[in-house]
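Me: Hey, I'm new to this one. Can you walk me through it?
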Amino acid sequence: KMSRPAQNKPSGLRGQASVSYAQSLLGAPETQLTALDNGLRVASEDTGHATCTVGLWIGAGSRYENERNNGTGFFLEHMAFKGTKKHTQTALEQQVESMGAHLSAYTSREHTAYYMKTLAKDLPKAVELLSEVVQSCSLNEAEIEQQRGVVLRELEEVESNLQEVCLDLLHATAYQGTPLGQSVMGPSSTARNLTRQDLVEYINIHYKAPRMVLAAAGGVNHEELVGLAKSHMSGVSFEYEGDVVPVLSPCRFTGSDIRMRDDALPLAHVAIAVEGASASSPDIVPLMVANAVIGSYDLTYGGGKVSNDGIVSLLHSSTPHLLAAWRFWDAVENFRVATNLFFPPLMQHLSSRLARIAVEDKLCHSFQAFSSSYSDTGLLGIYFVSDKHHIDDMMHWSQNAWMNLCTTVTESDVARGRNALKASLVGQLNGTTPICDEIGRHVLNYGRRVPLAEWNARIDAVTPSVLRDVCSKYIYDKCPAVVGVGPIEQLTDYNRIRSAMYWLRF
């Protein structure tokens, strides 16, 4: 971690940066990896903290489901902490609370995780409870009925999160007819009709030792963790019924679009994506740099080159809180001029060209370049939120940003992207939980934890020439997947969007 203090430093200075970025890369603790006889892998990083995060990462998610049982993994996540064969729900909660721990879980398209943050001294109890949750969940019929209502309410609530709706629809159209097109939460019909037997079958098929990683980060001794894994996880099966091992079928990408027009909504949510690189592809790093070059923007960031009148009118259309904030800074600026003091210029240049254009021409409320990587494919895209009058222009400049990456990207652009990506990678590992999560996902994806120093070297190897070549491979003249939700009458026709995926040039 970038700001890890030296061991002999006074405790009052903990958290302050004491080493350079390069030194922090070299001084990062090694991630140790051990495989048990049943194939379960144990990985840990000892950061010397008084706390730790430990969890089980499993290679199972909505991609492993079919149309009939889509959403089973998500439903099972809700059942995980409702009691085991050894502890009732109340007893389990009391055990966790008495440790001052935090127990959590999540399900994605290819992974499921159950993890606990606790004091380092309570690691043995944490591993014991996690192993119970995964191996002997009670799946009580009454609790299943209660969780149906919970899941159905969550499905209703997620409909109001238009970003999530938009990105789920993007997967649905880009990977139509394949398991990656399914949402993690699944349809409401699954929540209504799922039986206890369905949940038991899902566990028996997917919760196998070779697809599990026991990961830990913080004040963790690796040998102790391996011993705990042998005590509590050696019984996890590694055999499949009838020796039929589930194999992921390839998920093809289809250039297409979905448009859900609703003029009653205040803003349009739009996403455009091409097929990106898989998690293990060497092209993943240049594409991450490409996304860093495009960057992201939100109305609350400020920036650009616009007049006070322009900003005030823009803020009038958003929220009174933002308007009040602008008036405060306007008063500060007037005070600066009157007293001849120096402050950094307000609302001036943003580093991302697309962000500057978006602000100057008031094209959107926010945008972000994103990527989703899976075991054999991925999505590379731009998501933006705009009013109904600027959708076409924002789509034009978004595609223009892509074309610039493929043709005219400069050394200064790439240097900025490299630095932003490095800062992002280091900043994400702030605490034991994100470190533990990265260890779990990396071991499932790559069979090892990729160290920061290696990421750093791969980022440094990205030159303008490399970036142009990789972006041309994935973006230039490719059919995109497009989704629009809200007042999207102005969303560009798909054929015109497709024709903007290349430039006519000599």
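Me: How much space lies in the largest pocket?
Reply: About 1,500 Å³. A pocket here is an open set of points on a 1 Å grid over the protein atoms alone, where a 1.4 Å probe fits, with protein on both sides within 12 Å along at least five of seven lines. The volume is the space filled by probe spheres set on the points, which are joined across faces, edges and corners.
Me: And what kind of model is this?
Reply: It's a predicted model, where local features need pLDDT of at least 70, side-chain atom pairs count only at pLDDT 80 or more, and totals for chains, interfaces and linings use all residues. Residues are numbered from 1 along each chain as its sequence is written, and side-chain values use heavy atoms, with hydrogens and water left out.
Me: What's the lining like by class?
Reply: The largest pocket's lining has 19 nonpolar, 13 polar and 7 charged residues. Ala, Val, Leu, Ile, Met, Phe, Trp, Tyr, Cys and Pro count as nonpolar, Asp, Glu, Lys and Arg as charged, and the others, Gly among them, as polar.
Me: OK, sheets now. What's the strand order in the one with β1?
Reply: β1-β2-β6-β3-β5-β4, an open sheet of 6 strands with mixed pairing. Two strands pair if DSSP finds at least two bridges between them. β1 (31–35) and β4 (102–107) are at the edges with a single partner strand each, so one side of each has no neighbour in the sheet.
Me: How do β2 and β6 run?
Reply: Parallel: 6 bridges join β2 (41–46) to β6 (212–218), and V42 sits opposite L214 in β6. Helix α9 (222–233) packs on this sheet, touching β1, β2, β3 (51–58) and β6, with its direction at about 150° to that of β2. Contact means heavy atoms within 4.5 Å; axes are lines fitted to C-alpha atoms, for helices over the stretch in contact, and angles run from 0 to 180 degrees between N-to-C directions.
Me: What about the sheet with β7?
Reply: That open sheet of 6 strands goes β7-β12-β8-β11-β10-β9, with mixed pairing. β7 (256–261) and β9 (296–298) are its edge strands, each pairing on one side only. β7 pairs with β12 (481–486) in the parallel sense over 6 bridges, and D257 has V482 in β12 as its bridge partner.
Me: Which helix lies across β8, β10, β11 and β12, at about 145° to β11?
Reply: α14 (391–407). α14 also packs with α18 (464–474), axes 6 Å apart, at about 125°. That makes the pair oblique, since angles under 35 degrees count as roughly parallel, over 145 as roughly antiparallel, 65 to 115 as roughly perpendicular and the rest as oblique.
Me: And how do α10 and α17 cross?
Reply: At roughly 70°, with their axes coming within 9 Å, so they're roughly perpendicular. I284, V285 and V289 of α10 meet W455, R458 and I459 of α17.

Note on methods
Helices (H or I, at least four residues) and strands (E, at least two) are DSSP runs, numbered from the N terminus. On a 1 Å grid over the protein atoms alone, a cavity is a set of points where a 1.4 Å probe fits but cannot get out, and a pocket is an open set with protein on both sides within 12 Å along at least five of seven lines; lining residues have an atom within 4 Å of a point.
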